[in-house]
Amino acid sequence: MKRIIYFIMLVLLLLNLRIFSQKSEDEIYSLSQSISFGWSNPISLTRSILDPVQQEKIGFLIDYQLYNNDKNFYRAHVKFSPSYSKPTFTLNNFLISFHKGKQIIQKDNFKFGHGLGPYFKCNIYRNQQSSGTQVFWSSDYFGFGAEYFIFLDYKIKENLYFNFLLNINFGLHQYYDATIVNGINSQEYWGIKTANQQLISLSLKKQL
């Protein structure tokens, strides 16, 4: 878990250094920001309601964007599906991505654009602390690769938007075969695949 946090901090630091190294003081002061909170998996959650076999949990997203002009921006995106089954707290489909994006169209109350960047995903687990035991964090189902996204913003009122996101991921992922021995997946594999458990996301975006 510590490695994941250190990786996130390093990427954010390098991203900020790159941005600021390219800007004069006057341009830095003109940077604008936005932050979004929302629902990361409306399609898969709806499907799980209709299909009792599928046990998808509701997902959340946090999205931060830093604009260096009216059309170009940098984006940090986090999404996950939390659940708790005693004694384990789980963040399923935890995914963090960093992008360079561009606004293509702005007309009336609509904004449309796209972007591309790297992502990292996994499932994160934390067991509940009990007497005489130590709390451990663990993770599995790792994956990393490239993520392409398309966004559509609809202006609700000044500095507040309804945000629609379409994410397409492609990369190298860890997975297991279907054979289970003593409750444990017997064989680990790595392969090229997509990570679209959270293909479409809906959120509210606040311009800061």
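Predicted model: local features only at pLDDT ≥ 70, side-chain atom pairs only at ≥ 80, totals over all residues.
The strands themselves, like the helices, are DSSP runs numbered from the N terminus, where a helix (H or I) needs at least four residues and a strand (E) at least two.

Residues are numbered from 1 along each chain as its sequence is written, and side-chain values use heavy atoms, with hydrogens and water left out.

Now the chain as a whole. It has three helices and 11 strands, and reading along the sequence gives the pattern α-α-β-α-β-β-β-β-β-β-β-β-β-β. Of its 208 residues, 37% count as buried, where buried means under 20% relative accessible area, exposed means over 50%, and partly exposed lies in between, with a 1.4 Å probe and protein chains only. If we take the contacts (heavy atoms within 4.5 Å) between residues at least 6 apart in sequence, 57% of them join residues at least 24 apart. The chain exposes about 12700 Å², and carbon and sulfur atoms supply 61% of that area, computed by the Shrake-Rupley method with a 1.4 Å probe, where for residues only the protein chains shown count as cover.

Let me return to the strands. S4 and S5 form a hairpin with two residues between them, and in the turn Asp108 has a positive phi of about 55 degrees. A hairpin through two residues also joins S3 to S4; these strands run antiparallel with 13 bridges between them, and Ser81 stands opposite Asn92 in S4. Strand S1, residues 32-39, has pairings that we can follow in two directions. Eight bridges join S1 to strand S2, residues 60-67, in an antiparallel arrangement, with Gly38 opposite Leu61 in S2. Six bridges join S1 to strand S11, residues 200-207, again antiparallel, and there Ser36 stands opposite Lys205 in S11.

What does the side chain of Arg75 make a polar contact with? Arg75 lies in strand S3, residues 72-85, and its side chain makes a polar contact of 2.7 Å with the side chain of Asp63, while a second polar contact, of 2.8 Å, joins the side chains of Arg75 and His99. A polar contact here is a pair of N or O atoms within 3.5 Å; within protein, one must be able to donate a hydrogen and the other to accept it, and residues adjacent in sequence count only if both atoms are side-chain atoms. Leaving aside neighbours within four places in sequence, Arg75 is in contact with several residues, among them Tyr64, Phe98, Glu147 and Asn167.

A search of the whole structure finds three salt bridges, each being a side-chain nitrogen of Lys or Arg within 4 Å of a carboxyl oxygen of Asp or Glu. In one of them, the side chains of Arg75 and Asp63 meet at 2.7 Å, N to O, and this pair links distant parts of the chain, with Arg75 in S3 and Asp63 in S2, 12 residues apart. Arg75 is buried because its relative accessible area is 0%, and Asp63 is buried too, at 2%.

Lys205 forms a salt bridge with Asp153, with the closest N and O atoms 2.8 Å apart; Lys205 is in S11 and Asp153 in S6, 52 residues apart. Lys205 counts as buried at 1% relative accessibility, and Asp153 is buried at 2%. The side chains of Glu158 and Lys155 also meet in a salt bridge, at 3.4 Å, N to O, but here Glu158 is exposed, at 56%, and Lys155 is partly exposed, at 25%.

Finally, the surface. A nonpolar patch of about 770 Å² is made by Ile104, Ile105, Phe110, Phe112, Leu152, Tyr154, Ile156, Phe162 and Leu204. Patches are made of residues with over 30% relative accessible area and no salt bridge, with like charges joined within 9 Å and nonpolar side chains (Val, Leu, Ile, Met, Phe, Trp, Tyr) within 5 Å. Strands S4 (88-107), S5 (110-127) and S6 (137-157) each supply at least two residues of the patch, and S6 gives the largest share, three residues. Ile105 lies in S4 and counts as partly exposed, because its relative accessibility is 45%.

Technical notes: Pairing = 2+ DSSP bridges.
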